[in-house]
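Colleague: I am new to this structure and would like to be walked through it. Could we look at it together?

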Amino acid sequence: MRLHLTLRELEVFQAIAQHENVLKASEAVMLTQSAASQALARLEQAVQQQLFDRHGRRLTLNEHGRLFLPQARALLDRAQALEKTFTTGALSVRIGASTTIGNYLMPSCLAAFRSQHTGSKLNLMVGNTEAVVNAVANFEVDFGFIEGICHHPELNTAPWRDDDMVVFASSSQPYATRRLTVEQLAQLPWLLREEGSGTREVVEQMLRPYLQHFNVDMELGDSEAIKHTVAAGLGVSCLSRCVIEDLIIQNKVVVLDTTLPPLRRTLYCVMHQDKEITRGMQAFLASSMDETSP
């Protein structure tokens, strides 16, 4: 079977998938509602499948549509990259970053990139590792930077930076100035990130060989909440040093002296195996690698 698909039809399909409404999608791609409806009809006829479930004016992706959407995005990305191959226009990069990277490491990377490429267009999506992996897999971002290990079969993973992890507590705690054994650490109340967080996964992988049992007292979905809760004296935690550096300077928290070995993790860059690397992606990777590692 030979398919006859046009980029315009794929663009309309992607817009309808996003807006779940033909009128809104037609406005987004600057077509009439009738022209957008016809483009979708031609596309569904070409692939010989319905791609949406219809609920009145609302259209939601069905199983076929969900399978088709990532590939449609990939083709549109490639077409856009092809248009820019021989141009010197402003670079455009869509980045996904897990929470710690997005909040504490990406700002300096964005600033460095923008200083080298004035007028460049940057879009940053921040979420936990699972959300970033899904965004990369669905071609919603060009690539992602994550704290945990990526297990997605369609994504390629490469080391990006190293990051120091530290166990810390409020400076007001009586044990803050003592050297603690792993047995003593295990008995303290621990504050950890939520399930699905790259930081949570890495912390457990690092500490499980030494702390056979975690006394998990609280789970919080944000590193800022964890560090301030620890500073208030409600337990101990393990986070990237860059996250708590400000509270260390203010003497609100201290890095605990323990019998644990140095804790160091690798941060990763993930990219879809079918994603074409654009000039913007190459430039951003080079710029971010030049930044001083934490």
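Colleague: Let us begin with Arg 200. Where does Arg 200 lie?

Modeller: Arg 200 lies in helix H8, which covers residues 198-207. Please keep in mind that this is a predicted model.

Colleague: Is Arg 200 buried or exposed?

Modeller: Arg 200 counts as buried because its relative accessibility is 6%, and buried means under 20%.

Colleague: Which polar partners does the side chain of Arg 200 have?

Modeller: A polar atom of the Arg 200 side chain lies 2.7 Å from the backbone oxygen of Arg 193. The side chain of Arg 200 also makes a polar contact of 2.8 Å with the side chain of Glu 204.

Colleague: And which residues is Arg 200 in contact with, leaving aside neighbours within four places in sequence?

Modeller: With those neighbours set aside, Arg 200 is in contact with Leu 192, Arg 193, Glu 194, Glu 195 and Glu 219. As for Gly 148, it is 52 residues from Arg 200 in sequence, and the two C-alpha atoms are 8.3 Å apart in space.

Colleague: Let us turn to Asn 128. Where is Asn 128 found?

Modeller: Asn 128 lies in the loop between strand E4 (121-127) and helix H6 (129-137). A polar atom of its side chain is 2.9 Å from the backbone nitrogen of Ala 131.

Colleague: What does Asn 128 touch beyond four places in sequence?

Modeller: Asn 128 touches Ser 98, Thr 99, Glu 194, Gly 196 and Ser 197. Glu 194 is also one of the contacts of Arg 200. Between Asn 128 and Gly 221 there are 9.0 Å in space, C-alpha to C-alpha, and the two are 93 residues apart in sequence.

Colleague: Changing topic, how do H9 and H10 pack?

Modeller: Helix H9 (residues 223-231) and helix H10 (residues 241-249) pack at an angle of about 35 degrees, and their axes are 10 Å apart. The crossing of H9 and H10 is right-handed.

Colleague: Which residues meet there?

Modeller: From H9 come Ser 223, Lys 227, His 228 and Ala 231, and these meet Val 243, Ile 244, Asp 246 and Leu 247 in H10. By class, that contact has four nonpolar, two polar and two charged residues.

Colleague: What about Thr 229, is it buried or exposed?

Modeller: Thr 229 is found in helix H9. Thr 229 is buried because its relative accessible area is 16%, against a limit of under 20%. Not counting residues up to four places away in sequence, Thr 229 touches Leu 191, Met 218, Leu 220 and Leu 234.

Colleague: Now for helix H11. What surrounds Ser 288?

Modeller: Ser 288 is found in helix H11, residues 279-290. Setting aside residues up to four places away in sequence, Ser 288 touches Cys 109, Trp 160 and Arg 161. With Trp 160 there is a side-chain to side-chain polar contact of 3.1 Å. The side chain of Ser 288 also reaches the backbone oxygen of Leu 285 at 3.0 Å.

Colleague: Why does Ser 288 count as buried?

Modeller: Ser 288 counts as buried because its relative accessibility is 1%.

Colleague: And Arg 279, where is that?

Modeller: Arg 279 is found in helix H11 as well. Arg 279 counts as partly exposed, at 35% relative accessibility. Arg 279 and Gln 187 are 92 residues apart in sequence and 51 Å apart in space, C-alpha to C-alpha.

Colleague: Which residues other than glycine have a positive phi?

Modeller: Phe 139 is one of them, with phi near 60 degrees, and Asn 251 also has phi near 60 degrees. Phe 139 is in the loop between H6 and strand E5 (143-146), while Asn 251 lies in the loop between H10 and strand E11 (253-255).

Colleague: Are these two buried or exposed?

Modeller: Phe 139 is buried, with a relative accessible area of 1%, whereas Asn 251 is exposed, with 51%.

Colleague: Finally, what can be said of the whole chain?

Modeller: The chain has 11 helices and 13 strands. Its C-alpha atoms fill a box of roughly 70 × 45 × 30 Å along the principal axes. Of the 294 residues in the chain, 47% are buried.

Colleague: What does UniProt place at residues 5-62?

Modeller: An unreviewed UniProt entry places the feature "domain: HTH lysR-type" at residues 5-62. That span is 60% helix and 14% strand, and its end C-alpha atoms lie 20 Å apart.

Terms used
Residues are numbered from 1 along each chain as its sequence is written. This is a predicted model: local features need pLDDT of at least 70, side-chain atom pairs count only at pLDDT 80 or more; totals for chains, interfaces and linings use all residues. Side-chain values use heavy atoms; hydrogens and water are left out. UniProt positions are given in the numbering used here, feature names are shortened, and annotations may be inferred rather than shown by experiment. Helices (H or I, at least four residues) and strands (E, at least two) are DSSP runs, numbered from the N terminus. Axes are lines fitted to C-alpha atoms, for helices over the stretch in contact, and angles run from 0 to 180 degrees between N-to-C directions. A crossing is left-handed if the near helix is turned anticlockwise from the far one by less than a right angle, and right-handed if clockwise. Contact means heavy atoms within 4.5 Å. Ala, Val, Leu, Ile, Met, Phe, Trp, Tyr, Cys and Pro count as nonpolar, Asp, Glu, Lys and Arg as charged, and the others, Gly among them, as polar. Buried means under 20% relative accessible area, exposed over 50%, partly exposed in between (1.4 Å probe, protein chains only). A polar contact is a pair of N or O atoms within 3.5 Å; within protein, one must be able to donate a hydrogen and the other to accept it, and residues adjacent in sequence count only if both atoms are side-chain atoms.
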